[in-house]
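The sequence and the model are shown first, followed by the report.

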Amino acid sequence: MKFVKGMDLSTLAELEKCGAKYYDNGEEKDILEIMKSYDVDTIRIRVWNDPWSETGESYGAGENDPKTSLEIAKKVTKAGFGVLLNLHYSDFWADPGKQFKPKAWESYGVKELEQAVYDFTLEMMHLYLENGVNITMVQVGNELSNGLLWPEGKVPNYDNIATFVNAGIRAVRKADEERLAGSIKGVCPQMKELSKIPVMIHLDNGGNNALYREWFDNFTKRGEDFELIGLSYYPFWHGSLQMLNDNMNDIAKRYGKDLIVAEVSMGYTMEDYKDYEKLSDEERKGYATKPALVEKIEYPMTIQGQYDFMEDFLKRISHIDGGKGKGFFYWEPAWIPVPGSGWATPASLKYIQDPGPCGNEWANQALFDYKGNALPTLKLIRDFEA
């Protein structure tokens, strides 16, 4: 497997709608054209089930329902990228702090949830394959460290966790068999070269070896086969780069799977971006990288610090034991602060029972400055050879 240079551009459609513009060497360009010129090969796109309230209010944060994400995926395929399809199995963010069942599945027990995961996964695979999307890998669930589809699938209930994840894997395999047999029409021609669509299982907290051992020891006893372990690694939350390095070396040996850091980012400034968002203090959460967190990290939050962090990160993950480090996805590198694009809306805050406020939490970790100018880290990514 070629070393993946990936980006998560799930908010792409929303950012474009809100008027985000991107520049490379002072020249305005399409974001995908810029990514292509910096040797990015794969785009990760999240899919939520139904990110709208019962009264039709948007949950925001990219509005990544199947239709919106499909439009992004088609655009990305047309521009020559592969796609990592990231199925959350929730109506909004799914991560270690929240794994809410979709509203339509709220009353379901274990058996019904198993069937729902299978049916939804198969439906998504058909939808994206029939529309010619170049699916190069599929993520069954997102940041599953504490399970999925709570409460039934919450850690330590590994029997149910495996039941749900297995249902997703089986559906991916079923669609892939149909693709290979030629019974799905409209499949992207590039996919003819792909003998099998690899499945990723993704946890957060990439520096926490005990978490990965416990989770995958339990899953591998109960689980269907899969190809990739995905990790999230954010230096301000997930320990040192050495901890990530040590964990990846250990799990590479222990489970024999290829490893991809499915989410990574690093800030380049601690300058405020309130003037760009055009929100009052009460309406905006501000950056996720609070000063107390930033004090702990190994590199400063400067343009050079972002570059140096990524250089260190890339060297480490490309030298994992047994050649098992197979790439990365930088998380939301284009999420610059434009009015109207934030991590949540009042409707979604109600759904996830979060006090808020909304606004953009990520702008100081993008690979573009607040005005949309490409940062030097993109050149590092372009020139890096694993």
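## Nonpolar cores

In this predicted model, the largest nonpolar core comprises 118 residues, and those with the most contacts inside it are Met7, Ile135, Phe313 and Phe328. A nonpolar core is a set of buried Ala, Val, Leu, Ile, Met, Phe, Trp, Tyr and Cys residues joined through side-chain atoms within 4.5 Å; buried means under 20% relative accessible area with a 1.4 Å probe, protein chains only. Helix α5 (residues 158-181) gives the most to this core, with ten residues. Apart from it lies another core, of eight residues, including Val4, Met200, Leu228 and Ile260.

Beyond its neighbours within four places in sequence, Phe328 has contacts (heavy atoms within 4.5 Å) with residues including Phe3, Ile260, Phe313 and Ile381.

## Barrel

Eight strands close into a barrel with parallel pairing, in the order β1-β4-β5-β6-β7-β8-β9-β10. Strands are DSSP E runs of at least two residues, helices H or I runs of at least four, both numbered from the N terminus; two strands pair if DSSP finds at least two bridges between them. Neighbouring strands of this sheet are turned by 25° against each other on average, direction ignored.

Strand β4 (residues 42-47) pairs with β5 (residues 82-87) in the parallel sense over six bridges. Ile45 has Leu85 as its bridge partner in β5.

## Helices across the strands

Helix α6 (residues 209-222) lies across β7 (199-203) and β8 (228-233), at about 140° to β7. Helix α10 (residues 303-317) lies across β8, β9 (258-264) and β10 (325-331), at about 155° to β10. Axes are lines fitted to C-alpha atoms, for helices over the stretch in contact, and angles run from 0 to 180 degrees between N-to-C directions.

## Basis of the values

Residues are numbered from 1 along each chain as its sequence is written, and side-chain values use heavy atoms, with hydrogens and water left out. Local features need pLDDT of at least 70 and side-chain atom pairs count only at pLDDT 80 or more, whereas totals for chains, interfaces and linings use all residues.

Key:
Buried < 20%, exposed > 50% of the residue type's maximum accessible area, 1.4 Å probe, protein only.
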